[in-house]
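Please examine the sequence and the model shown below. The paragraphs that follow lead from one part of the chain to the next.

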Amino acid sequence: MQISELSDRSGLTVQTIKFYIREELLPKGAAASSTRSEYDERHLERLRLIRALREVGDLPVAAIKRIVAAVDDDTVGMHELFGTTQHAIGPHVLPPDDPHWRAAREDVDALIRELGWRVAGEAPARDLLAQTFVALRRLGFPITLTDLRPYVRAAVTVAEHEIGRVTGDAPRSRTVHSMLVSTVLYEQVLTALHRLAQEDASARRYGSE
């Protein structure tokens, strides 16, 4: 297909596609003449991934380059590809020089060890959870494993469901796309369902008949 058709099918302007080619996010098309290149379904699949990373993940070009490079490198295993994507998505918390934060981060590390989870030391979610622990303690809420267990069980159920949907024969770019949607959009679904379930639980316990 020509670049005009690629633009129509991807929903991106020709100028945007050319920008992605210049930034080496998208491979050049096959030269059909001195002034025309041909593109195929692989280009369309890559553009869909880039668009998702930009619009859903709100990622800068530099982060997208790292993900695209991991997608294209067959020596990068699926678990490492997941890690590259998750690290790019973040959110990235700037650790303050604060003893309360350091204590919370140590508690997060201890919790992960106790749960037996295999999580990279630099995983952004460690700092995010530590930040949340600090906020809870400042509001007078203690952090105990008993309090956390319902959330741990829910997180494990959701994570196993999401990873279980990944098939080994699926294109790597589609796998990243699926993970991006699960991490960014389905987290919003989870938050919304949590609030709806809270209202239902309150109505059942405290509401009028």
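In this predicted model, D109 and R105 stand four residues apart in helix α6, and are therefore separated by about one helical turn. Their side chains meet in a salt bridge, with a distance of 3.0 Å from N to O. Side chains of opposite charge can pair in this way when their charged atoms come close. Are these two residues buried or exposed? Both D109 and R105 are buried.

R105 has a further partner. Its side chain also meets that of D127 in a salt bridge, at 2.4 Å from N to O. This pair links distant parts of the chain, since D127 belongs to helix α7 and R105 to helix α6, and the two residues are 22 residues apart. D127 is buried, as is R105. Through salt bridges that share partners, R105, D109, R126 and D127 are joined into one network.

The helix that carries R105 and D109 can now be considered as a whole. Helix α6 comprises residues 99–115, 17 residues in number. From its first C-alpha to its last it reaches 24 Å, close to the 24 Å expected at 1.5 Å a residue. Which residues of α6 are buried? They are W101, A104, R105, V108, D109, L111 and I112. These residues cover an arc of only 160° around the axis, and therefore lie on the same side of α6. On the other side of the helix, H100, E106, R113 and E114 are exposed. The buried residues of α6 pack against α7, residues 124–138, and α8, residues 145–164.

Both ends of α6 deserve attention. After the helix comes G116, whose phi is positive, near 75°.

Helix α4 spans residues 61–72, and its twelve residues should span 16 Å at 1.5 Å a residue; the end C-alpha atoms are 16 Å apart, which agrees. Its buried residues are V61, A63, I64, I67, V68, A70 and V71. What do these buried residues pack against? Their neighbours are α2 (14–22), α3 (41–55), α5 (78–89) and α9 (172–206).

An unreviewed UniProt entry lists residues 1–70 under "domain: HTH merR-type". Over residues 1–70, the chain is 60% helix and 6% strand. The end C-alpha atoms of this stretch are 26 Å apart.

Within that stretch, helix α1 holds L6. With a relative accessible area of 0%, L6 is buried. Apart from residues up to four places away in sequence, L6 touches M1, I17, Y39, H43, L44 and L47. By contrast, L6 and H161 are 155 residues apart along the chain, and their C-alpha atoms are separated by 34 Å.

S10 is likewise found in helix α1. Its relative accessibility is 8%, and because buried means under 20%, S10 counts as buried. A polar atom of the S10 side chain lies 2.8 Å from the backbone oxygen of L6. The backbone oxygen of S7 lies 3.4 Å from a polar atom of the S10 side chain. When neighbours within four places in sequence are left aside, S10 is in contact with I17, L44, L47 and R51.

R9 pairs with E41, and the closest N and O atoms are 2.9 Å apart. R9 lies in helix α1, residues 3–10, whereas E41 lies in helix α3, so the pair ties together parts that are 32 residues apart in sequence. How exposed are the two partners? R9 counts as partly exposed because its relative accessibility is 37%. E41, at 46% relative accessibility, counts as partly exposed as well. Over the whole structure, a search finds 15 salt bridges, among them the pair R9 and E41 and the pair D109 and R105.

Definitions and conventions: Residues numbered from 1 in each chain as written. Predicted model: local features only at pLDDT ≥ 70, side-chain atom pairs only at ≥ 80, totals over all residues. Heavy atoms only, no water. Expected span 1.5 Å × (residues − 1). Buried < 20%, exposed > 50% of the residue type's maximum accessible area, 1.4 Å probe, protein only. Arc of directions from axis to C-beta. Contact = heavy atoms within 4.5 Å. Salt bridge = Lys/Arg side-chain N within 4 Å of Asp/Glu carboxyl O. UniProt positions renumbered as here; feature names shortened; annotations may be inferred. Polar contact = N/O pair within 3.5 Å; in protein donor to acceptor, adjacent residues only side chain to side chain.
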